[in-house]
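Please consult the sequence and the model while reading.

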Amino acid sequence: MMPIDQRRRIGCSVQWLATIVRHVTSEVRFAVDRMLGRLATWLRLIGEDASWGAHLSGQALLRHASTQRRIVLTRDRHLLRCQSGPRVVLITSDHVREQLRQVVELFALDPFAHIFSRCVRCNQPVETIAKTDVRDLVPSYVFATQARFARCPQCRRIYWPATHHDHVHRELEVLTARRAPA
Ligand SMILES: [Zn+2]
């Protein structure tokens, strides 16, 4: 009998691959205020399309969201005065866990449905890549111990199921009071 930890790890790998193969088809797209960088990172980790950058605040953020048909996430109450622009959601907490909980609940997102399917650095959906193609691109111990890989088409960063996945799963389980799918 395979140890539970090992079975769970394999289960996570299979699910991770499935989310990438399916690609992200989320209908909701976000434009995140520059003051909410950690929230943007977490939204990308769960596969949500979340644009973010140092230039995205105030009117520039509203213009960006209008042009790209995105929903604004901000702590800036002044942006709520905008009547004819994009939809603006005021994030109420200073803490990233509560911020993510607010967005997940408000938009009824399933944080496990598209997890790890998007590059956290540049917001692009990652693409599967054959193990033989990453031999010279990842550390040798990673190549020896991992079977599945994905690559961001923009920044070329290579992703693989790793220990931080367990950390993310634990955070999301706390957030949603749900067990991550095995
Ligand atoms: Zn990238």
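**Structural briefing**

The model is predicted: local features need pLDDT of at least 70, side-chain atom pairs count only at pLDDT 80 or more, and totals for chains, interfaces and linings use all residues. Residues are numbered from 1 along each chain as its sequence is written.

**Overall burial and contacts**

- Of the chain's 182 residues, 26% are buried; a residue is buried if 20 or more other C-beta atoms, placed from the backbone, lie within 10 Å of its own.
- Among contacts with a separation of 6 or more, 54% join residues 24 or more positions apart; a contact requires C-beta atoms, placed from the backbone, within 7 Å.

**The parallel sheet**

- An open sheet is built from four strands in the order β2-β1-β3-β4, with parallel pairing; two strands pair if DSSP finds at least two bridges between them.
- Its edges are β2 (49-51) and β4 (88-90), each of which pairs on one side only.
- On average, neighbouring strands of this sheet are turned by 30° against each other, direction ignored, with axes taken as lines fitted to C-alpha atoms.
- Three bridges link β1 and β3 in the parallel sense, and Ala31 stands opposite Val72 in β3.

**The largest nonpolar core**

- This core has 30 residues, of which Ala31, Val32, Leu39, Ala40, Leu43, Val72 and Leu73 touch the most other members; such a core is a set of buried Ala, Val, Leu, Ile, Met, Phe, Trp, Tyr and Cys residues joined through C-beta atoms within 7 Å.
- At least two core residues come from each of β1 (29-32), α2 (37-45), α3 (58-67), β3 (71-74), α4 and β6 (149-151).
- The largest share, five residues, is supplied by α2.
- Apart from neighbours within four places in sequence, Val32 is in contact with Leu39, Ala40, Ala50, Ser51, Trp52 and Leu73.

**Helix α4**

- Which residues of α4 (residues 96-106) are buried? They are Gln99, Leu100 and Val103.
- These three lie on the same side of α4 because they cover an arc of only 95° around the axis, the arc being that of the directions from the helix axis to the C-beta atoms.
- An α-helix has 3.6 residues a turn, so residues three or four places apart point the same way.
- Just after α4, Ala108 adopts a positive phi of about 50°.

Note on methods
Buried ≥ 20, exposed ≤ 12 C-beta atoms within 10 Å, placed from the backbone. Contact = placed C-beta atoms within 7 Å. Axes fitted to C-alpha atoms, helices over the stretch in contact; angles between N-to-C directions.
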